[in-house]
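Subject: Structure handover

Hello,

Here is the structure for you to look through. My notes on it follow below.

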Amino acid sequence: MRHDHLITSKQLSRADIETVLDRAAEIADDPAAAADRHTNALLGLLFFEPSTRTKMSFETAMKRLGGNVVDMGSVESSSVKKGETLADTVRVIEGYADALVLRHPKQGAAAMASEFVDVPLLNAGDGAGHHPTQTMLDLYTIRENAGLDDLTIGIMGDLKYGRTVHSLAYALTNFDTRQHFISPESLQLPREVVYDLHQQDDTQIREHEALESVLSSLDVLYVTRIQRERFPDENEYQKVAGEYQIDLETLEEASDDLTIMHPLPRVDEIAPEIDETEHAAYFEQAHNGVPVRMALLDLLLSGGEADE
Amino acid sequence: MRHDHLITSKQLSRADIETVLDRAAEIADDPAAAADRHTNALLGLLFFEPSTRTKMSFETAMKRLGGNVVDMGSVESSSVKKGETLADTVRVIEGYADALVLRHPKQGAAAMASEFVDVPLLNAGDGAGHHPTQTMLDLYTIRENAGLDDLTIGIMGDLKYGRTVHSLAYALTNFDTRQHFISPESLQLPREVVYDLHQQDDTQIREHEALESVLSSLDVLYVTRIQRERFPDENEYQKVAGEYQIDLETLEEASDDLTIMHPLPRVDEIAPEIDETEHAAYFEQAHNGVPVRMALLDLLLSGGEADE
Amino acid sequence: MRHDHLITSKQLSRADIETVLDRAAEIADDPAAAADRHTNALLGLLFFEPSTRTKMSFETAMKRLGGNVVDMGSVESSSVKKGETLADTVRVIEGYADALVLRHPKQGAAAMASEFVDVPLLNAGDGAGHHPTQTMLDLYTIRENAGLDDLTIGIMGDLKYGRTVHSLAYALTNFDTRQHFISPESLQLPREVVYDLHQQDDTQIREHEALESVLSSLDVLYVTRIQRERFPDENEYQKVAGEYQIDLETLEEASDDLTIMHPLPRVDEIAPEIDETEHAAYFEQAHNGVPVRMALLDLLLSGGEADE
């Protein structure tokens, strides 16, 4: 990696992705070896939107590298309430930290903020924009469970609004993949995303309204939550949501090796009875956030050099 | 101790309790010796209800052992708002931490959660259920000030709703104690608790409405807050609360060696003029939360082996 | 320094101030040398009012010294809600920490609280009272940019309510300074502050309604925010605020060496076009909070001895 900031997964080449995943695998193999790698380093956390998983995962990653964090806290308790611009906020906080993590509700916020700071800035989600560290841990989980080449993946649920899904789909075009998108018609992938994906070599994409038509061919099924608030009518929601829920019966046609992923939190997209099967990889996926973010922090804090 | 989790003080034998208190005493004697004992260990904090004292005390304990914490933050800022189950939340967060501390408003939450995780889980209060680390620091404070055998203790205030009081009363049945319960009739111990206590050998219990009838015989007086919101009528509250307040005049009949405890925060159950007397042990009691929780974390993180 | 607590900058002599600034300069020169200076030390954070900058800056300072923090969290989630007194809260929390930082909305809170604790307590703002660590970082920034002797400084904006301004004005009387106060009439310095300042040797003070009358003579211009909520009438606010905004055109008459400071956050008192000029010292000023607070913590935790 030769980047100062991590803003979008689109900026990353296949070689970049593999560098990160390889480093994450090394760390996962021997976490103790990384425990003092960034002693005394401080990571600044700027979360302008609530987050449990992403924030705790970054915090854990930094502390597992021997460092610590300083947290801006909630927007309600911050100077933002007094009308401070994002540019000013990040310029102040970069004086406290060796790297910054930013989540912000506005698309483009991370890219803009990165122009004002000299320390590495990692985008932890910018509205409908990007969330590249989520994409990296998804890729890591796919590689560990099914491999990234010659992959057949189904991506199901809310494909219209889910930034996680768009980022993953783009990132997978670096590899030799067949991508199946399964959703109700009203929550299909945006047409511009479909168009972009069609331009890529080595990528085949198809869209479906029903899982059953494609389930048996899948190596990985990536499930996302369908948000009730997207639907004007509760009955409409109930009908749609029910068709995109996974339970043991749904899986009768699936390969024994099928890996099921979910960015979590889930509500009822995946029945608890799946948790105990070999298919379930979603808790492992959440846990993979730690070595993957350790790898990213390590590479950025070391100036892009894996110096060992 | 041979436990993976700490859910209730009822699970602890006299030997277990003494192991913890002995380790806490060692740590209190020489805190510096424990300062690097769990370097790099991370404690996950899951507080589904507000808490200052318990949370800060756990946080301090972990940091005094050389480790650090990762905090889920408030429920308002977490995935719980999105409908995630407690079982999912703890399964995700166990991937970040070497042990978990859980406070939850629902009785039984800690026991349920502990079935889903492989790392040690400590109950920091589950609604009207248990709060075993509070009990341990209460026992430690009693042992340091008055000894745990041949003890005459008065427990006063809100005995109906106070889980602190119930846990302590049960735990004391491991020792040779006389327990006096002092409260207005409407806030008496629940009958099933009285019944249980009566079944124990070596334990004598009696109930009183007035402190004066028993004060002179006490080694320890444990005062709890009577909560205004328990009373439908403000006048009723004022009358009752006034009768269970301690000041210098109240103590004229008390032994010079009487130790006064309180789980804090207090409102006006104990007059500030008591603070400067030898009787006052409530700030010491709060401070004892640190060595006691260090001892518990040390024992659980070391797999039940005091390996030194 | 021979103080146990830091409550007001008025308690500090010129020698005290220079001890702190000298130590801060040493730390800023070679931060790595301080990185393990207070390993295992814990700083208790008690912020009864929201704060981003001051809190993060203290937190960073402690962690840059190798220590860690324990944070009471917001008042809403604390025992304060249950009616606990400040005296009780600080007596409990001093059992967790090696030093305390207190911000409180009531003037005099820090002085009162300091009487109840044995560990060093640092005032991080007490209502309309004092904020001595802000004053120290202001002094440090002035010394680095313009020197503290033979200084001509303009202090502009809301001079009536700004505690930052009052503390700085008092502290500067330890040095040979000319102080110009520039504000609308309704936001002039309180008369008692003017009176006090007039009593000091080596200090000349003057008041102005317009910046232009004095701008060309200034070494430093310290700008503060005029708060909209001080004005009953929005038009009145707009008129006043507009006259106390700085842009490139305003600065035509200024010295090339003019240093512009601001305690931040700013709203529109200083145009962004100033940020790129040599005049702008406000981000540097915010960043100086770290070495200055490291110096203060180091001196207080070392018992007033700069022991190296």
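Among the residues of chain B, Asn68(B) lies closest to the rotation axis, with its C-alpha at 5.0 Å. That axis comes from superposing chain B on chain A, which takes a rotation of 120° with 0.0 Å of shift along the axis and gives an RMSD of 0.0 Å (least squares on the C-alpha atoms of residues with pLDDT of at least 70 in both copies). The two copies are thus related as by a three-fold rotation axis. They use different surfaces, though: 5% of the contact residues of chain B recur in chain A (contact means heavy atoms within 4.5 Å).

This is a predicted model, in which local features need pLDDT of at least 70 and side-chain atom pairs count only at pLDDT 80 or more, while totals for chains, interfaces and linings use all residues. Residues are numbered from 1 along each chain as its sequence is written, chains are lettered from A and ligands numbered from 1 in the order in which they are written, and side-chain values use heavy atoms, with hydrogens and water left out.

Next, the interface of chain A and chain C. Here 22 residues of chain A are in contact with 24 residues of chain C. Together the two chains bury about 2,000 Å², 51% of it on carbon and sulfur atoms (buried area is the accessible area, with a 1.4 Å probe, that two parts lose on being put together, summed over both). Lys82(A), Arg91(A) and Tyr96(A) supply 30% of the area that chain A buries against chain C, more than any other three residues.

There are 4 salt bridges between chain A and chain C (a side-chain nitrogen of Lys or Arg within 4 Å of a carboxyl oxygen of Asp or Glu). Arg64(C) forms a salt bridge with Asp98(A), their closest N and O atoms being 3.0 Å apart. On the side of chain A that touches chain C, the elements giving two or more residues are β2 (68–71) and α3 (86–93) (DSSP runs, H or I of at least four residues for helices and E of at least two for strands, numbered from the N terminus).

Last, a part of chain B. In helix α6 (residues 163–172) of chain B, 10 of the 10 residues are buried (under 20% relative accessible area; exposed is over 50% and partly exposed in between, with a 1.4 Å probe and protein chains only). Thr173(B) sits in the loop between α6 and β6 (177–182) of chain B. Thr173(B) also counts as buried, because its relative accessibility is 14%. Beyond its neighbours within four places in sequence, Thr173(B) is in contact with Gln179(B), Leu197(B), Gln200(B), Asp201(B) and Thr203(B).

Regards
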